[in-house]
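I opened this notebook to record what I looked up in one protein model. The entries below follow the order in which I went through it.

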Amino acid sequence: MNTLLSFRRVFLFVFVAAGLFISSCETTVDIDIPFEKPQVTLNATFLHNAFPKVRLTYSRHILDTNWEFEPIKTAEVKLITGNETYFLNYNEESGEYSNLQYLVSEDTEYTIEVDLEGYEKVQATEMVPIYVPIQDLVYNGKGQQDAWTSGDDFSLIFNDPVGEHYYEISAYYIRREHYINEYGEEVYYEDNRTIYLEPKNPSYETDFFLDGGIIIDDKLFEGKQAKIDLFTSGNFMELEDGGEIYFVLKNISKSYYDFQSTYGLQDWNDGDPFAQPVQVFSNIENGIGIFMTGNIASEKIETGTGQN
């Protein structure tokens, strides 16, 4: 018995000593994970008859805890079209490079060049599409989308030019009102709401939302008259409030179409661990981001009348 007891005491002593030895050998190592050099991010949307504006920021590392993108304020930004070059200056208030002495023109190719110390020249080239007018906007009355939902039924009609074209269609409701405040002053305000559109043709449906609008190509009507039938989210035409509904037809570049399609899918799949990863389209050389262009046509219809 004494021998067994002694053995147990020796074993316990060895076990405790070994534990103390191991714990005394533990060290904490702080590893500095090197962040890669941030990329130059260029984002610009050029519209016909609008000032050119370019936003430049540094990209963020996936482990960066700063949620705001750092603006680039010291770059030299040039806008090149044909043999002409225009410089864009940084505006501290808007955080954009712009030139308020020049208006973007349709059917014109533009190249944005960015020179920034420590980086290769960043550039992108896009063509501004031509103007495609809305031929007619027809209100077909109140429509039943399904067993539970109804909305206004519209047809948007336009002539598609020959060649490959892409379009973004959107709509919004606007009502301007005024009242007299407590000081006897007349105050004007504006009620502005996005109208969500749903195409009747399933070929134009997408697996993502686009701020209420839709984007389409012209494969079903290339070079012909297009008639796009749409439901709206709600019955705005029943409102007797002097409001107006605006439909916007934007002829967009292919880069615009590709970016919105891939970005929309990525956003739609966010949080789904089983979704296939989506690479967002970028057309920036030696950087990341998007340079896209468009040309806007619009048509309005007054609520409560059903007449253009």
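**Overall composition**

I began with the secondary structure and found 2 helices and 16 strands in the protein; helices (H or I, at least four residues) and strands (E, at least two) are DSSP runs, numbered from the N terminus. I note that this is a predicted model, in which local features need pLDDT of at least 70 and side-chain atom pairs count only at pLDDT 80 or more, while totals for chains, interfaces and linings use all residues. Residues are numbered from 1 along each chain as its sequence is written, and side-chain values use heavy atoms, with hydrogens and water left out.

I then looked up burial: buried residues make up 38% of the 308 residues in the protein. Buried means under 20% relative accessible area, exposed over 50%, and partly exposed in between (1.4 Å probe, protein chains only). The accessible surface comes to about 19,400 Å², and 51% of this surface belongs to carbon and sulfur atoms. These areas come from the Shrake-Rupley method with a 1.4 Å probe; for residues, only the protein chains shown count as cover.

For contacts (heavy atoms within 4.5 Å), I took the pairs of residues at least 6 apart in sequence and found that 64% of them join residues at least 24 apart.

**Nonpolar cores**

Which residues touch the most other members of the largest nonpolar core? I found I169, I228, I245 and F247, in a core of 26 residues. Strands β8 (134-144), β9 (150-159), β10 (166-180), β13 (214-217), β14 (225-232), β15 (244-252) and β16 (288-302) each supply at least two residues of this core. The most comes from β10, with 4 residues. I recorded a second, separate core of 24 residues, which includes L42, L56, A75 and I284. A nonpolar core is a set of buried Ala, Val, Leu, Ile, Met, Phe, Trp, Tyr and Cys residues joined through side-chain atoms within 4.5 Å.

I also listed the neighbours of I245, leaving out residues up to four places away in sequence: among them are F154, Y172, Y173, I195, F236 and M237.

**Aromatic pairs**

Rings of Phe, Tyr and Trp (its six-membered ring) pair if their centres lie within 6.5 Å; planes under 30 degrees apart count as stacked, over 60 as edge-to-face and the rest as tilted. By this rule I count 16 aromatic pairs. I classed F46 and Y110 as edge-to-face because their ring centres are 5.9 Å apart and their planes stand at 75 degrees. This pair links distant parts of the chain, with F46 in strand β1 and Y110 in strand β6 (residues 109-115), 64 residues apart. F46 is buried at 0% relative accessibility, and Y110 is buried with a relative accessible area of 0%.

The pair of F158 and F221 is also edge-to-face, with centres 5.8 Å apart and planes at 90 degrees. F158 lies in strand β9 and F221 in the loop between β13 and β14, so the pair ties together parts that are 63 residues apart in sequence. Both F158 and F221 are buried. Ring pairs also link F46, Y86, Y102, Y110 and F291 into a cluster.

**Salt bridges**

I count 14 salt bridges, each a side-chain nitrogen of Lys or Arg within 4 Å of a carboxyl oxygen of Asp or Glu. E113 and K78 form one of them (3.8 Å, N to O). E113 belongs to strand β6 and K78 to strand β3 (residues 76-81), 35 residues apart. Are these two residues buried or exposed? I found E113 and K78 both buried.

D115 and K121 form another salt bridge (2.9 Å, N to O). D115 is partly exposed at 27% relative accessible area, and K121 is partly exposed at 33%. R176 and E244 meet at 3.6 Å, N to O; R176 is in strand β10 and E244 in strand β15, 68 residues apart. E244 counts as buried at 13% relative accessibility. Salt bridges that share partners join K78, E113, D115 and K121 into one network.

**Backbone in the loops**

Lastly, I looked up positive phi values outside glycine. D107, in the loop between β5 (96-98) and β6, has phi near 55 degrees and is exposed at 52% relative accessibility. N286, in the loop between α2 (254-269) and β16, has phi of about 65 degrees and is partly exposed at 38%.
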